[in-house]
Amino acid sequence: MSDSEAFRAETRVWLEANCPLGARNLPNAPENSVWGGRNPHWPSGDQKLWLERMAERGWTVPEWPKEFGGGGLDKHEAAVLAQEMARIGAHSPLASLGIWMLGPALLEFGTDKQKRKYLPDIAKGKVRWAQGYSEPGAGSDLAGVQTRGELVDGKWVVNGQKIWTTYGDKCDMIFALVRTEPDVPKHQGISFLLLDMDQDGITTRPIELINGDAHFCETFFDNAVTDQANIVGERGQGWTVAKFLLGHERAMIGQASGAGMGKPLEEVAKGTLGVDGLRAEPALRQEIVDNLLGSWVMQIAMERMRDQARAHAMNPHTPSVLKLTGTELNYARTELVGALNGIETLTMGDGDTRRWLSAPANCIAGGSNEIQLNILAKRALELPEQK
Amino acid sequence: MALVLNDDEVMLADATRGLLDRAAPVSAFRALRDSGDALRYSPELLAALAENGLVAPNIAEEDGGVGMGAAAVAVIVEQAAHNLAAAPLISAAMAAELIGWLGSPGQREALLSAIMTGELVVACALEEAGRHNPAKVETSFDNKVLTGRKTAVIDGVGAGRMLVSAANSDRVGLYLVDPAVDGCIVEAIAAVDGRNLATVRLDGAPAEALGGDDADEAISAAIDLGRALLAAELLGLADHAFDMTVSYLKERKQFDRIIGTYQALQHRAARLYARLDLARSVVLKALRALDEKSDETSLLASLAKCVMTELARDVLVEAVQMHGGIGVTDEFDLGLYFKRVRVSGDLLGDDRFHAERLAQEKWGL
Ligand SMILES: Cc1cc2nc3c(=O)[nH]c(=O)nc-3n(C[C@H](O)[C@H](O)[C@H](O)COP(=O)(O)OP(=O)(O)OC[C@H]3O[C@@H](n4cnc5c(N)ncnc54)[C@H](O)[C@@H]3O)c2cc1C
C-alpha cells in the first residue's frame, strides 16, 4: 500500500468512528454553520463534539503547520481528507473568517509571535474574527480608507467607522485597515491592525438586509486601542497584506457560490413542474439548462484549480474568474428555483426565497464583479488605464 | 490524470508550434485558399507533420504507432488552429480510432501506417443530415454494396479511402470504400472557411466491412473523439482571435485615447478572458476522460463541444466588432478565423445540439 492509500484508509476509519451522525448530511444552510468564538452558538451537541474532535487533530485547518494548531497535511493528503469527508457527508466543522482570510495572511506576513498567539485559537474556533475593511466612503476604492490610527505610548489609538462588517456584533476580534500615515500616497499609508472588539472604544450596530438577516454591522472606533505589536506587516504596508487576503476571499466566495446551496436545479425542476411541464415551457427550460451547463463548467474549473495548485501552476487570475462566474450563476440559479417553486413560496419564511435574496450580495462582496472585471482587464490582459 | 498539461504535452505543443510557424504561417493558408486548389490542404505540410510523428499519434504501439492519447492529438490540433494550418489532422485521428477499434489485422496493417506517414488520407463519412444528426443512417449496405448519400465528410475530397456508416440487416456497421470505384461520387462542398468538406453519393459502391455487423460503439467513440478535437480546434482559433483583439485594443487610438482604456471594451474583453479560462478546463477534462475511458466521456465531449462552439462564436463576433471596419475586410486575417469557427462549430453538433443532448441525457430534463 502506498503512503497515500494508507493515509486514505486511516482517515476513513477515523472519520467513521469520530464524525457523529448529527454532523453528517446537513443541508448547506446558514443555520447549520458553526462559527465558534468566545460565546459560541451550537446548532447541535453533535456538531460541538465534531468540532472538538477535528480541532484536536488540527483538521479544521488541515494544511496549516502543526505548531500553529493545523494538521500539517500536504495538499494531496488534504484533498484525500476532503474526499473522505464528502464520502460520508461530513459537514465542515467550522466556518471562520479566521481560517479563510486572516490565517493565510498571518502565515504569510505575521511574526512568529503573532502566529503562536492567534493561529491556534482560530484553528480551535475559540476566537471569532471580523473583517474591518470597508467604510462608508471606501468600498470599491478600498485604499481610500479614512479610519485613523496613531501610535500613543506604545499603543495604537484608532478612530473612525467601518461598515458592512459581517457578523461584527458576534465577533471577538477584528482585523482592520487603518490609515496610519496620512501624508503619503493612499496605498502607502495603510496599516493592518488587529484589535479586540471587547472594549468600550468599539461599538457595533447591526444593519438589516433584504434577506431578513442582520448579519452585517456598522462598526465604530472611538479611541479604540490595541498594543503596538498588533500590526501585521510593516507600518504603512497594510495594503499588501490586504490584497493578499482579498485573493483568498475571492476564491472562497467563487467556490462557495459555484458549489451552490440546496437541491440541485434539475431535481427542483423535476419535483415541481416535472419533465413534461418543463418541456411545455421551452424558455424556462432553456435558462435552466444554461445554468446547469454553467455550474458543470464551474465544477470542472474548480477541479482544475486544485490540480494546478498541487502542480504549483496556478493561474493567478483564476480567483477573479471564479468569483465573477460563480456569483452570477448562483444568482441566476436562486432566481430560477423561485420561478419553479411558484408564488406561494415567495415569503420571507421560505429558505429558497431567502437564498435568492442573499445571492446579489455575493456579486458585491469581496470586490464587486465590476472590480473583478477591472482586475482582469488590468492584470490578465494588461490593458492600459486612462491617464 | 490531473487537469494540467504534463511536461510531455507542453513539449509537444512547443514543438508543433515551432514547426508550424516555419512551415505553415497563416499566409500559406491564405495563398492556398486563393489558388482555388481542390484539395484545400497541403500534401507537403502533411508530409512534414507526419515526418515529425504529428499525424494520428493515437495509433497504438502494437500497430506501429506512437500510442499517445486524445490529449496529445488535441495539443497538435489546437496549435494547428492558431495558424489555420491546412492539414487533415482530425480526419486522420478519427479514422485511426475507427480502424484501431474495428479493423482486422490485415486492415490495420494496410491502413494505419499509411495514415501515419501521410501517404493515405482516410475520411470518415458518418453524417447524412445537413444539420448534425448522428441517429440518421439511411445509407444501406446490402449485397456488399453501399447505397445512399453522406455529407459533411471532413477531408473527403481526394481521400484515398472512406469509412462509411451504413445500415445492414438490423444494425449499423462501418464499411471501407475506395472512392475511385464506380458508384461512388465525391463532390466538394465549397465551405466558406476553405476546409476540405465533401458530400458522397453511393450508388451501389462495392465496400468491405470493418469489423462485424455492429459498429455502433466504435462510431460513437470516434464521434466523441471528433467532438473533443473540434473543441480543441475551436479553443486554438478563439485564443488566437482573442489575442489579436487584445493587441489591437492596446494600439488603436481614437479620441486621442488608446481604445483599450475604454472600460466598456475592457469589461467585454475581460468577460471573454474569464470564459476562455473556464473553457480550457472543460476541453482538457473531456480529453482526459477519453484517455481514461471514463463513464462520462461522451457527455464530457458534448460539454466541451457545446461550450467551445458558443464561446468561439462570441469571441469572433466581439473580435470583429472591436476591430471596427478593418475587421470585416477579407484582406485582414480575422475574417479567416471568423469563418473557420463557424464551420468547426457546426461540425459534429453545435452548442444548441449538445445543450439539448445534455439536458436529456445528463440531467434527464
Ligand atoms: C455580503 C457582504 C459581506 C460583506 N462583508 C464585509 C466585511 O465583513 N467586511 C468589510 O470590510 N466589508 C464587507 N463587505 C463590503 C464589500 O466589500 C463592499 O460592499 C464592496 O467592496 C463594494 O463597496 P460599496 O458597497 O461601497 O460599493 P461602491 O464601491 O460604492 O460601488 C457601487 C457600484 O459602483 C461600481 N463601481 C465602483 N467602482 C467602479 C469602477 N472603478 N469601475 C466600475 N464600476 C465601479 C460597483 O461595482 C458597484 O456596482 C461586504 C459586502 C457584502 C455584500
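Colleague: Is Ala56(B) buried or exposed, and what is its relative accessible area?

Modeller: Gladly! Ala56(B) is buried, at a relative accessible area of 2%; buried stands for under 20%, exposed for over 50% and partly exposed for what lies in between, with a 1.4 Å probe and protein chains only. Before going further: this is a predicted model, where local features need pLDDT of at least 70 and side-chain atom pairs count only at pLDDT 80 or more, while totals for chains, interfaces and linings use all residues. Residues are numbered from 1 along each chain as its sequence is written, chains are lettered from A and ligands numbered from 1 in the order written, and side-chain values use heavy atoms, without hydrogens or water.

On to the backbone. Ala56(B) sits in the loop that links helix 3 (43-51) to helix 4 (70-83) of chain B; helices (H or I, at least four residues) and strands (E, at least two) are DSSP runs numbered from the N terminus. Although Ala56(B) is not a glycine, its phi is positive, about 45°. Most residues other than glycine have a negative phi.

Trp164(A) lies in strand 3 (residues 155-166) of chain A and, with 45% relative accessibility, counts as partly exposed. Helix 11 spans residues 351-364, and its buried residues are Thr353(A), Leu357(A), Ala359(A) and Cys363(A). They pack against helix 10 (318-341) and helix 12 (369-380) of chain A.

Chain B has 11 helices and 10 strands. Its radius of gyration is 20 Å, close to the 21 Å of the globule rule for 365 residues, so chain B is as compact as a globular protein of that length; the radius is taken over C-alpha atoms, and the rule is 2.2 Å times the number of residues to the power 0.38. Along the principal axes, the C-alpha atoms of chain B fill a box of roughly 75 × 50 × 40 Å. Buried residues make up 58% of the 365 residues in chain B, and Ala56(B) is one of the buried ones. Of the contacts (heavy atoms within 4.5 Å) in chain B with a separation of 6 or more, 75% join residues 24 or more positions apart.
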